[in-house]
Structures are given as structure tokens and as C-alpha cells.
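Dear colleague,

Here is the structure I said I would pass on. My notes follow below it.

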Amino acid sequence: MKKLFLVANWKSNKTVNEAHSFMISFLNHDFITWMHSQNTDVNSSKQIVICPSFTLLAELDKLIKQNAPSFSLSLGAQNISPFDKGPYTGEESATQIAEFAKYVILGHSERRLNFGETDQQVEEKAAIARKYQLEPIVCVQGKETPVPPNVHIVAYEPLDAISTGRVGEPAKPERAEEVAHFFRHEKHIPYVLYGGSVDPSNVRQYTSLESINGVLIGGASLDPVSFSQIIQNA
Ligand code: PGA
């Protein structure tokens, strides 16, 4: 069975109370019920990753350990410091994030556009992530985006497809397959995800593609019911 990563990118959304309510609803009403109805193969073939803000990681980690310790549900960060721990005011180091998270999203287009993040910085961050056993999920905007060495997961997110403050236009599945095929076979990346305006009704169009191993979901992952439907439909 094909391995699928279903990665929620919450961006700068949710307070601790809101994140708590999301997780209680997601675990109690939707996700756990569905997981219990599936066989173990499904549990292990779908890797669910929630990437919240740093401020929410500890609370979500506690809730997952208490309520869903045996499911393939883990946390990721949306960024890390390119430096190790030390005198870097305002930065969260990989060692701090690795206390709670297994993954980290790097090089998202919103970071490149709003914070001037460069390919060089993405490479530095990927290296420090690996040093602390964090698995980088590197966002690429097209075939031209370089991927740092030793990266196993790439998310193809065409700029037009991301619903940043407007309605995005999801990529045509044929285009997503073509780009994913390129990264799989020419860049030897084991897992390529698609991201941009994924929702419960279109997720299967992408997860059924031969070269795609999952999706990165922004807006539609903020609601527990819609995120749960995406997982179930994927
Ligand atoms: P979207 O965001 O699903 O809201 O389009 C995806 C992303 O930015 O990762």
C-alpha cells in the first residue's frame, strides 16, 4: 500500500484554546473513530502530520500522547532557526523543536515572499534539522527550485495554487504528476507531496497519482471535520 503523508499547515492561526478544541474534536469525533474502523495497514500507510505555530506544539504534543499514542499522528514545525541553540534572539532552534516535532516545513513560498528566505537558508535549515533528527519537508515552487542534500520529502506547491488571502486555483493533476515525476526520478526524492487548495473533494485527484505521496493542506486543515474528511478521502 502506498505511503501517504497528510500534512496540515496551520500557518499563523489558532490560540492555545482553539488548538485544544480542534484536537479534542478531531480525536474524539472524527479521527479516532475512523482509525478504529480501519485495518492496521491503513493506519501505517497514512502518516498524519499537524504543523502548528511554535506556541501550540507543547499543548498538542501533550494531547496526542494522552489520547492517541499509538496512531500515526505526529507534529511538525513551519520553520526553524538556521543556527544551533545559543544567542539568537527570537529564533527557535532545531533542538527545541525536536522536543515535540518529527517534521519541519522548510522553504514555504510565504516565507520566501514575506521574509526573503533564500535557497541557501533553506539548505542551512535542512542541514540543522537533520542534525536533530527532524525530517524536513521542503516546499518547491516548480522544477527549478533546488532541493538540499539528504531531503526525503518535497512538497510541490505552485504559487497560483496556494489560497494565500484569496481563492487559489488548484494545479491540474497532470501538471502535479509531471512535476512530482521529475523530482522522484530525476532528483531521486522518495516522497513528493502536492499542496495548494487541497480540500475533501479534490484530495483523491492528487493522492491517486502515481508519483504523489500525499498532500500539504493549508486552509482546509484548520477545521477538524474537513481535515478528517481529507484524511479519509485521500
Ligand atoms: P492552502 O495552503 O491549502 O490554503 O492553499 C497550502 C499551503 O500554503 O501549504
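Where does Ser-197 lie? Ser-197 is in the loop between β7 (191-195) and α8 (203-207); helices (H or I, at least four residues) and strands (E, at least two) are DSSP runs numbered from the N terminus. Its phi is near 60°, a positive value in a residue other than glycine.

The model is predicted: local features need pLDDT of at least 70 and side-chain atom pairs count only at pLDDT 80 or more, while totals for chains, interfaces and linings use all residues. Residues are numbered from 1 along each chain as its sequence is written, and side-chain values use heavy atoms, with hydrogens and water left out.

Pockets

A pocket is an open set of points on a 1 Å grid over the protein atoms alone, where a 1.4 Å probe fits, with protein on both sides within 12 Å along at least five of seven lines; lining residues have an atom within 4 Å of a point. A volume is the space filled by probe spheres set on the points, which are joined across faces, edges and corners.

The largest pocket has a volume of about 410 Å³. It is lined by 20 residues, with Ser-12, Gln-78, Asn-79, Arg-111 and Phe-115 closest to its centre. Helix α5 (residues 109-115) gives the most to this lining, with 4 residues. The lining of the largest pocket divides into 5 nonpolar, 10 polar and 5 charged residues (nonpolar: Ala, Val, Leu, Ile, Met, Phe, Trp, Tyr, Cys and Pro; charged: Asp, Glu, Lys and Arg; polar: the others, Gly among them).

Ser-197 comes back in the second largest pocket, where Ser-163, Ser-197, Val-198, Gly-218 and Gly-219 lie nearest the centre among 15 lining residues. The volume there is about 190 Å³, and the lining has 5 nonpolar, 8 polar and 2 charged residues.

Ligand

The ligand is surrounded by 13 residues (a heavy atom within 4 Å), and Lys-11, His-108, Glu-157, Ser-163 and Gly-218 are the closest. Polar contacts are pairs of N or O atoms within 3.5 Å; within protein, one must be able to donate a hydrogen and the other to accept it, and residues adjacent in sequence count only if both atoms are side-chain atoms. A side-chain N or O atom of Lys-11 is 2.7 Å from an oxygen atom of the ligand. For His-108, the distance from a side-chain N or O atom to a ligand oxygen is 2.7 Å. A polar side-chain atom of Asn-9 lies 3.4 Å from a ligand oxygen.

Regards
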